[in-house]
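Here is a short briefing for a first look at this structure.

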Amino acid sequence: LSTFRQTVGSGNMEGDVSLKFRQQLLFIDENLVAEDVSALKFLCIDLLPFRRLENVKSAVDIFQLLMAEDYLNEEDTFLLAELLYRIKCHSLLRKLGYTKEKVQECLHEKGRVSPYRQMLHELSENITHEMLEKTIFLLRDYVPKRQAHRSPLELLILLEKQGLLTQNNVQILEKICMHVSPDLLETVNCYKRTKGEKFRICICLVQIHPGLTKRHWIFPFCLFLLLVPLPQQEITLPVKKSSLCHSGAVRELFTSTQVPGSAQCHLACCKLFFLSFLQNVTSYKMDGPHRGFCLIINNVKFGSSLPERKGSCKDAEELERVFTWLGLDVMTYTDLTSQQIKDVMLTWQRLPDHKDRNCFICCILSHGESGAVYGKDAELVSIRRIMSHFTALQCPQLAEKPKLFFIQACQGKAIQCPVRVEPDAQNPDLPSMQQSISPSESIPEEADFLLGMATIDGYVSFRHVEQGTWYIQALCSKLQLLVPRGEDILSILTEVNEDVGKRVDRFGTKKQMPQPAYTLRRKFIFPIPRDPPPS
């Protein structure tokens, strides 16, 4: 806070954030009490790394985190307006040029706080001190004695940390509300209706029809359930186990053209179960004792032929920290020639230890041209050739396992940029040696590959000489934020696209858009690490 005040007082500016804008944020901070700051922290949990939020002491700390993640800037203050609206600090909205009514109008289109987080915050506001004491008593097996004196928000965070409360499982809230204050149950039910009842339902598969094995009925039954529409009325949980396992009811589902009301509930529950079941069987196996290997090739210096890639070591270090946190064995190579890159790929292609691993990841940081990357000798290596070392034919140990490649390199002509932002492309004086190649053409013609390119074909990608490249920094940030939420890799890369797509150079004239291409057959989901994210 003192640093923020000094910046305001001296009239200095960071980037594009003006003195007036910082004065507005400081005014808002001074008009918020400790309870408001706690509420802001809680509402930002799904937007910012929790480890950083834990160190927040004031609203200014939150503002700085939001600005660092490009959620808040002088031109776009809506997220802060939404947060102030959620905590009912409506009088402060005027400082941002908003009113309560204007925020309400924009929430449907621009709102960032999830319905789940809104529901928890609303519950916390309606929990009295007496209700809180009763709740802590009910949860005495989960709340350590030394932490018994908690606020409602702190208690909810504790339940989330212990995995007892998630956006797809709010059963513990239902039980608490039923015992402490049934009136609160409507808040939870309203959230469930909004979410569409996507909650876990436990059903004993064998008891549905004891005479059939999974191999006989699982896929036809799944297909049938997916084709039959869910009943419109809300399902009341839990459903009695005996009613779900009645074989006659199941036969009735297959033989009746009109499903009776009593069976509709059975059908809906079974359908929800199989949707969850199919999601599990359509994800790659990632529960082995060894996650896999991650190679990082970091080419920084290229002699006199290509400029030094200052800031790339920041990328390599961040990748190593993040993928180590995700359980991979990381190996980093620096300044390889084109032939050395080929030799390294051949060595790892022949590694027998792949057979005990779940996946393989390779990150290459270098200068590049369309469909290729440069060795430090300024010779190109085809991305397709690099990836082809790990096809099922060339590397049987990785057959049917996901193979992810992340390429941070330009894919087009160089552009002269300011000193602080440089293109990862070849020197303008060197002629282009490669015809235009799309990322999909770089992927081997078989399944289980993903290629994440920092930029679309024909364009440069940008690198900060101290903070690293836009793409790799966004990738590492989103992995740390979204892996703990169970997001799959394609969803994460979509968020990376949004992050990088919002960035712009200091003059507002240069932008970048990453491009993933893949032949994955299933969802790729990293298991959630036990340790907190590294940064």
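The notes below take the cysteines first, then the strands. The model is a predicted one. The count of disulfides in it is zero. Strand β3 covers residues 357-365, and it pairs with β1 and with β7.

- A disulfide is a covalent bond between the sulfur atoms of two cysteines.
- A pair of cysteine sulfur atoms must lie within 2.5 Å to count as a disulfide.
- For Cys 294, the closest cysteine sulfur belongs to Cys 363.
- These two sulfurs are 4.4 Å apart, so they are too far from each other for a bond.
- Cys 359 is in no disulfide either, as its nearest cysteine sulfur, in Cys 294, is 8.8 Å away.

**Burial**

- Cys 294 has 0% relative accessibility, so it counts as buried.
- Cys 359 also has a value of 0% and counts as buried.
- Strand β3 is mostly covered, with nine of its nine residues buried.

**Pairing of β3 with β1**

- Strand β1 spans residues 290-298.
- β1 and β3 are parallel and share eight bridges.
- Phe 293 has Phe 360 of β3 as its bridge partner.

**Pairing of β3 with β7**

- Strand β7 spans residues 403-408.
- β3 and β7 run parallel, joined by six bridges.
- Cys 362 has Phe 405 of β7 as its bridge partner.

Key: Residues numbered from 1 in each chain as written. Predicted model: local features only at pLDDT ≥ 70, side-chain atom pairs only at ≥ 80, totals over all residues. Heavy atoms only, no water. Buried < 20%, exposed > 50% of the residue type's maximum accessible area, 1.4 Å probe, protein only. Helix = DSSP H or I, 4+ residues; strand = E, 2+ residues; numbered from the N terminus. Pairing = 2+ DSSP bridges.
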